[in-house]
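Colleague: I've got a few minutes before my next meeting. Can you walk me through this one?

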Amino acid sequence: MFEGSFVALVTPFKNGEVDYKKLKELIEYHIENGTNGIVPCGTTGESATLSFDEHERIIGEVVSMAAGRIIVLAGTGSNNSREALRLTKHAKKSGAHGALLITPYYNKPTPEGLYRHYKLIAEEVDIPIVIYNVPSRTGISILPETVAKLSEMKNIVGIKEASGNIDQTTQILQWCNITVLSGDDSLTLPIMSVGGKGVISVAANIVPADVAALTRHCLEGNFDAARKCHHKLFPLSKGMFIETNPIPVKTAMRLLGRINGEMRLPLCDMTQEHESQLVGILKKYGLMSTV
């Protein structure tokens, strides 16, 4: 179920509130451009600054707007297991196809603590669960051994792997039957070359058709075409992280007229130096005029 290009969807705001009209426009844009799945309320969606009511409404609205035309993998993670359980139950009730749960951040749980966290939620909520490993944001990396142990649970079906470590991805694929999705756009091709099934992409907010093409070529075994896509996407993929995500992607979307670029504190506007750098990347890609 979870393969191809999934967009780590930004959350559009307007005057401090979630802009649901713009959210619908973004979903339609992704459906039209070949994105395989929508991931609302993830890190790119600024989940840390959403209230529970906002978080739950966004997931419900995305499921309703998608209307079965595209897979919805709802971000429901938290560093509080009870909160993650609540959000995951709501995602199930709303009709999401699955739940993406980040490893608990700041707490820095032990491997056993991570195992118990995911086990609790998997036993309580009958929904496909994708683990999200992003140690640069959480301060903890889930070990392949723990992933293998968790994969024995029928509804823990995948992992978004953003450790930047291809060896770790390879070990996960060798030790368990679980879907691996890249969590780094620049590593989608390497991860898929060792058996990954796709990406949860930041860049897909900007160039959804190109990211979808890369994953499609990989899944079809056409790695010559995939390499061409990879090299085209690489500068843009790296540009999405010249400042903390989602500052660059929201800035790029503003520059391209897709959204107003509004973020919530503690995130703020990109520096002028970095914005100029980002403009250069967008122009080189062909997304902005060089005149």
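Predicted model: local features only at pLDDT ≥ 70, side-chain atom pairs only at ≥ 80, totals over all residues.

Colleague: What kind of peptide bond joins Asn245 and Pro246?

Modeller: A cis one, with omega at about 10°. Leu265 and Pro266 are also joined by a cis peptide bond, and omega there is about 15°. You'll find Pro266 in the loop between helix 11 and helix 12 (272-285).

Colleague: OK, switching to annotation. Which residues does UniProt list for "binding site"?

Modeller: The UniProt entry, which is unreviewed, gives Thr44 and Ile200. They are spread over 157 residues of sequence, yet they cluster in space, with a largest C-alpha distance of 10.3 Å. Both Thr44 and Ile200 belong to the lining of the largest cavity.

Colleague: What else lines that largest cavity?

Modeller: Besides Thr44 and Ile200, the lining has Ala8, Val39, Gly42, Thr43, Gly45, Leu100, Tyr132 and Lys160.

Colleague: And what volume does the largest cavity have?

Modeller: About 50 Å³. Searching the whole structure turns up 2 cavities of 30 Å³ or more.

Colleague: Back to Thr44. Where is it, and is it buried or exposed?

Modeller: Thr44 is in the loop between strand 4 (37-39) and helix 2 (52-66). It counts as buried because its relative accessibility is 4%, and the cut-off for buried is under 20%.

Colleague: What does Thr44 touch, leaving out residues up to four places away in sequence?

Modeller: Its contacts are Ala8, Leu9, Val10, Thr11, Val202, Asn205, Asn245, Pro246 and Val249. So Asn245 and Pro246, the pair joined by a cis peptide bond, are both among the residues that Thr44 touches, if we put that next to the buried cut-off of under 20%.

Colleague: And Ile200, where does that lie?

Modeller: In strand 10, residues 198-201. Ile200 is buried too, as its relative accessible area is 2%. Setting aside neighbours within four places in sequence, Ile200 is in contact with Phe6, Ala8, Val39, Leu73, Leu100, Lys160, Leu181, Ser182 and Gly183.

Colleague: Where's Asn15, and is it buried or exposed?

Modeller: Asn15 lies in the loop between strand 2 (13-14) and strand 3 (17-18). With a relative accessibility of 68%, Asn15 counts as exposed.

Colleague: Last one, helix 7. Which of its residues are buried?

Modeller: Helix 7 covers residues 166-175, and Gln168, Thr169 and Ile172 are buried there. Those three are on the same side of helix 7 because they cover an arc of only 100° around the axis. Asp167 and Gln174, on the other side of helix 7, are exposed.

Colleague: What covers the buried residues of helix 7?

Modeller: The cover includes strand 7 (129-133), helix 6 (144-150), strand 8 (156-161), strand 9 (179-182) and helix 8 (188-193).

Colleague: Anything to look at where helix 7 starts?

Modeller: Look at Asn165: one of its side-chain oxygens comes to within 2.9 Å of the backbone nitrogen of Asp167.

Methods: Residues numbered from 1 in each chain as written. Heavy atoms only, no water. Buried < 20%, exposed > 50% of the residue type's maximum accessible area, 1.4 Å probe, protein only. Helix = DSSP H or I, 4+ residues; strand = E, 2+ residues; numbered from the N terminus. Arc of directions from axis to C-beta. Contact = heavy atoms within 4.5 Å. Polar contact = N/O pair within 3.5 Å; in protein donor to acceptor, adjacent residues only side chain to side chain. UniProt positions renumbered as here; feature names shortened; annotations may be inferred. 1 Å grid on protein atoms, 1.4 Å probe; cavity = no way out; pocket = protein on both sides within 12 Å on 5 of 7 lines; lining within 4 Å. Points joined across faces, edges and corners; volume = space filled by probe spheres on them.
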